[in-house]
Number of protein chains: 2
Amino acid sequence: MGRASKREEIAQAALRQFHAQGFNATGINDITTAAGVPKGSFYNHFSSKEESALEALSRYAATLRFDMLANPAQPPLERLRAHFEFLGRDTVENGFVHGCLAGNFGAEVADHNEEIRAAVKNGFDQWAQRIRQVLVEAQDRGDVSGGLDTAATALFLLSAWEGTLITARADKSTAPVDAFFRTVFDVVLR
Amino acid sequence: MGRASKREEIAQAALRQFHAQGFNATGINDITTAAGVPKGSFYNHFSSKEESALEALSRYAATLRFDMLANPAQPPLERLRAHFEFLGRDTVENGFVHGCLAGNFGAEVADHNEEIRAAVKNGFDQWAQRIRQVLVEAQDRGDVSGGLDTAATALFLLSAWEGTLITARADKSTAPVDAFFRTVFDVVLR
């Protein structure tokens, strides 16, 4: 295995470990064991656990298919629904575990690590901006009320989704996810 | 210091540590140091870190003033607003840290510890039931739409609040909290 692919193995294992176990429960040893590489090799590629967590966040964001929110073949609110259905799949299909890595780091690490907090905030900001764009399109078409505050609503939907993944994991049921879709699409965006 | 008060010191320190640092970042040593008691004395009062975390959750729930939701002197939606304003105070006034202990344990621990998951779920269930009762009262008075699904809405509001505390901590601003109040009271419960 060459140097570049060993780095890739470690980065992928770090993402899986952080997402499954959280930041503090994940040791360098867990990452290198999961990657099948010697423990010492971690530091050939990453300066710290924090650095690998920042890369995990960035890799995680790249899996979230934000491009679905801009799909011109679908009406805006259908796109938004498909987006959240896609985001929920990992948690629901794995038996209500994992949740959102950004939300998990936000709950566990943001108070204590400024770089990770800033990365989580940056991810949320970019996501809220994309949701807002969908709401603006829906508003332009008359699909949602012209009076809707698209910036506040986008931020609220993002927060509501993050909390929904937490309550679904505690409840081990789709009830919180169902309540999200029902309230967001039948009430907030009616 | 007698035995009972030493237990109380440890239990209070455990709540503070778990709320400030999270479950995995809190060691028994951190708790006993914060309580000002010898490390070994922890096990005179608690069988495990998990047991002290379960008691911390229960003590935390008792601080949330759920009685405010049943205050007959206030109209139901004003009560609900006052409830969330009260819940936000700790996070906002401390510079956007801490969040909700139940949500934090839900994000960090629920996937890995069945007893803590069940306790978090139980707390959420009781809370959702109380929020629902307020929505039913508001519906009876005609303050919210008769068509509102009070069970789904209560669960959704709880989830949205949990997520709001996470995004506010990442953002270090009141913007997510403001978006919560604006969307919940001007849109969802209009």
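Me: Which residues are buried in helix 7 of chain B?

Reply: Keep in mind that this is a predicted model. The general idea is that an α-helix has 3.6 residues a turn, so residues three or four places apart point the same way. In helix 7 of chain B the buried residues are B:Ile116, B:Arg117, B:Val120, B:Phe124, B:Trp127, B:Ala128, B:Ile131, B:Val134, B:Leu135, B:Ala138 and B:Gln139.

Me: What covers the buried residues of helix 7 of chain B?

Reply: The cover includes helix 4, helix 5 (76-93), helix 6 (101-108) and helix 8 (150-171) of chain B, together with helix 8 (150-171) of chain A.

Me: Which residues of helix 4 of chain B are buried?

Reply: They are B:Lys49, B:Ser52, B:Ala53, B:Glu55, B:Ala56, B:Leu57 and B:Tyr60.

Me: Is B:Ser41 buried or exposed, and where is B:Ser41 found?

Reply: A residue is called buried when its relative accessible area is under 20%. B:Ser41 has 6% relative accessibility and therefore counts as buried, although its place is in a loop, between helix 2 (28-35) and helix 3 (42-45) of chain B. Leaving out residues up to four places away in sequence, B:Ser41 touches B:Lys6 and B:Ile10.

Me: Where does A:Leu80 lie, and what does A:Leu80 touch?

Reply: A:Leu80 lies in helix 5 (residues 76-93) of chain A, and with a relative accessible area of 0% it is buried. Setting aside residues up to four places away in sequence, A:Leu80 touches A:Leu69, A:Ile131, A:Val134, A:Leu135, A:Leu157, A:Phe185 and A:Leu189. As for distance, A:Leu80 and A:Leu165 are 85 residues apart along the chain, and their C-alpha atoms are separated by 17 Å.

Me: What is the phi of A:His98, and what is the phi of B:His98?

Reply: A:His98 is not a glycine, yet its phi is positive, at about 85 degrees; B:His98, also a residue other than glycine, has a positive phi near 85 degrees. A:His98 is in the loop between helix 5 and helix 6 (101-108) of chain A, and B:His98 lies in the loop between helix 5 and helix 6 of chain B. B:His98 is buried, because its relative accessible area is 19% and the cut-off is under 20%.

Me: How many helices and strands does chain A have, and how do I describe the chain as a whole?

Reply: Chain A comes to nine helices and zero strands, and its C-alpha trace spans about 60 × 30 × 30 Å along the principal axes. Of its 190 residues, 55% count as buried. Among contacts in chain A between residues at least 6 apart in sequence, 63% join residues at least 24 apart.

Me: Which residues of chain A does UniProt list for "DNA-binding region"?

Reply: The unreviewed UniProt entry lists residues 27-46 of chain A under that name. In this model the span is 60% helix and 0% strand, and its end C-alpha atoms lie 13 Å apart.

Notes. Residues are numbered from 1 along each chain as its sequence is written. Chains are lettered from A and ligands numbered from 1 in the order in which they are written. This is a predicted model: local features need pLDDT of at least 70, side-chain atom pairs count only at pLDDT 80 or more; totals for chains, interfaces and linings use all residues. Side-chain values use heavy atoms; hydrogens and water are left out. Buried means under 20% relative accessible area, exposed over 50%, partly exposed in between (1.4 Å probe, protein chains only). Helices (H or I, at least four residues) and strands (E, at least two) are DSSP runs, numbered from the N terminus. Contact means heavy atoms within 4.5 Å. UniProt positions are given in the numbering used here, feature names are shortened, and annotations may be inferred rather than shown by experiment.
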